[in-house]
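Welcome to this short briefing. Take a look at the sequence and the 3D view, and then we will walk through a few features together.

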Amino acid sequence: MPNHRPPSPRRKQWHAWVEPSAAYKYLGIYEAIVADVACGRLQPGDPLPPQRALAATLGVDLTTVTKAYGKAREEGVIETRTGSGTCIAGGSSSTRSESVELDILDLSKNSPPRPTGHDINAMIAREISRAFAGHGQIASFNYQETGGNFHNRQAGAFWLNTRLQNVPVNRVILTSGAQSALYALCQLLSRKSKYFAVAQFCYPGIHTIARQLDLQLIPIAMDQEGMIPEAFEAACDQYPIAALYVVPNIDNPTTTTLPEIRRQRLVDIARKHNVSLIEDDPYFAISAGTITPLGDIAPERTWHIATLSKCATPALRLAYLLAPDSESAQLVAATIQAMTMMVSPLLAELASQWINSRLLDEITGAIREENFERLKLAQHAFDGMNFKAPSQGSHIWLPLPAPWQALDFAHQAERQNIRLLPASSFSPSPGRESAEAVRISLGSADDRIVLADGLKTLRKILDQSQPVYQAIV
């Protein structure tokens, strides 16, 4: 018999719908995709509509579809394939051989770069071996107290004392990353009120927490210097604000650093209205700044979060939380105990070794230098454009020239296998308060050559005389 290859079955177009019980429309779209995969209506390799087409079909804005597809991609439900666009993940090896998954340059993840001359993976392996060999001061790899043992909290206090004036060990809590600390704080502070003030564009992790805890995020208008104090005071007059969440140095995403006079004004307003302050400062160690932290201006109401993910490596998944007082530290520790019981004793010991040996300072300095070199590539690629970036930061904020819209530019970039985030990804109220700008993370590329090529591709897209829109048919 002749060996004829059977024709590939024709893939059916998804009959789009929205799960009505979902808390948000984008979650409704995501849950509808998951449900149809679970019941077999959608099979591995089945195509999904282009984002604009799906938005038109469902009568929602493009931001909603972008967030739904983004969540589905992060959860491994969908993927992008050569010649197929967006489709359901998985499938047989023959299907994958016909449609090879694209190599994506992901500039949407705000990771620190791999510092030149420092093999972080090898360093972690070496220090773990030292800990198991008994060279570290760890007492046990068994269960430990929530918030870290005294030795590890003491190392954290020593590190925090490089930025804050008074860091008693009994106010320091170890958490499994900044997100864990932020969730515990929101859980604790929301007992007073569900209203939390945030910047007009802010770290997306606070949006996720707000959805889980049913918080109401109140966006505070920003200008070239960051959050506007008068807008914060107007929000305090209108809502019973429980806390103000702020990234004071190299803001994520806008890269602004709050001037000292503005920090003082925000503190004065917080004191007047009895608002707690959550100071999330992941970039202090690489910013080499000297501006006074909120934790020194108002220690009695400030919760200071310092993660190792941005100044060392996300692999450590460790952050130090400084509470306003020892009683507050015990309260948040009780919340963390219910969430995660404790941080990994192994990672806590590893971080303590890096702090006490000053290896962490060495790594941070190398990352700062690599950030500076990568920023030069961005300056070359976007020469003549008015983008925002401090010399030590690992991301830039790029306002787009007319007639570009941020979502369209992000879509065109993804068609060129590059991911980045539009301004709407950082807005507590997408569609109402947005900007035609994107955040481009410079640290996640494997090396400078890969990054330079990606940035050149983005500039070519921007230099098109007209944005290229995908037709809705």
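What percentage of the 473 residues of the chain count as buried? The answer is 53%. Keep in mind as you read that this is a predicted model.

**The chain as a whole**

- If you trace the chain, you will pass through 17 helices and 16 strands.
- Among contacts with a separation of 6 or more, 71% are between residues 24 or more positions apart.
- The chain exposes about 21,400 Å², and 50% of this area is supplied by carbon and sulfur atoms.

**A walk along helix α3**

- Helix α3 covers residues 62-74, which makes 13 residues.
- From its first C-alpha to its last, α3 reaches 18 Å, close to the 18 Å expected at 1.5 Å a residue.
- At the start of this helix, Asp61 has a side-chain oxygen that comes to within 2.9 Å of the backbone nitrogen of Thr64.
- After the helix comes Gly76, with a positive phi near 80°.
- Several residues of α3 are buried, including Leu62, Val65, Ala68, Tyr69 and Ala72.
- An α-helix has 3.6 residues a turn, so residues three or four places apart point the same way.

**Lysines over rings**

- Lys67 sits over the face of Tyr26, and its distance from the ring centre is 4.6 Å.
- Lys71 does likewise with Tyr30, lying over the ring face at 5.0 Å from the centre.

**Aromatic pairs**

- A pair of aromatic rings is described by the distance of the centres and the angle of the planes.
- How many aromatic pairs are there? The count comes to 7.
- The rings of Phe201 and Trp397 have centres 5.7 Å apart and planes at 50°, so this pair is tilted.
- Phe201 belongs to the loop between β5 (195-199) and α8 (204-213), while Trp397 belongs to strand β13 (residues 395-399), so their pairing ties together parts that are 196 residues apart in sequence.
- Are these two residues buried or exposed? Phe201 is buried, with a relative accessible area of 7%, and Trp397 is buried too, at 5%.
- Trp404 and Phe409 form another pair: their ring centres are 5.5 Å apart and their planes stand at 80°, so the pair is edge-to-face.
- Trp404 and Phe409 are both buried.
- Ring pairs also join Phe201 and Trp397 with Phe426 in a cluster.

Conventions:
Residues are numbered from 1 along each chain as its sequence is written. This is a predicted model: local features need pLDDT of at least 70, side-chain atom pairs count only at pLDDT 80 or more; totals for chains, interfaces and linings use all residues. Side-chain values use heavy atoms; hydrogens and water are left out. Helices (H or I, at least four residues) and strands (E, at least two) are DSSP runs, numbered from the N terminus. The expected span of a helix is 1.5 Å times one less than its number of residues. Buried means under 20% relative accessible area, exposed over 50%, partly exposed in between (1.4 Å probe, protein chains only). A polar contact is a pair of N or O atoms within 3.5 Å; within protein, one must be able to donate a hydrogen and the other to accept it, and residues adjacent in sequence count only if both atoms are side-chain atoms. Contact means heavy atoms within 4.5 Å. Accessible areas come from the Shrake-Rupley method with a 1.4 Å probe; for residues, only the protein chains shown count as cover. Rings of Phe, Tyr and Trp (its six-membered ring) pair if their centres lie within 6.5 Å; planes under 30 degrees apart count as stacked, over 60 as edge-to-face and the rest as tilted. A charge sits over a ring if NZ of Lys or CZ of Arg is within 6 Å of the ring centre and within 35 degrees of the ring normal.
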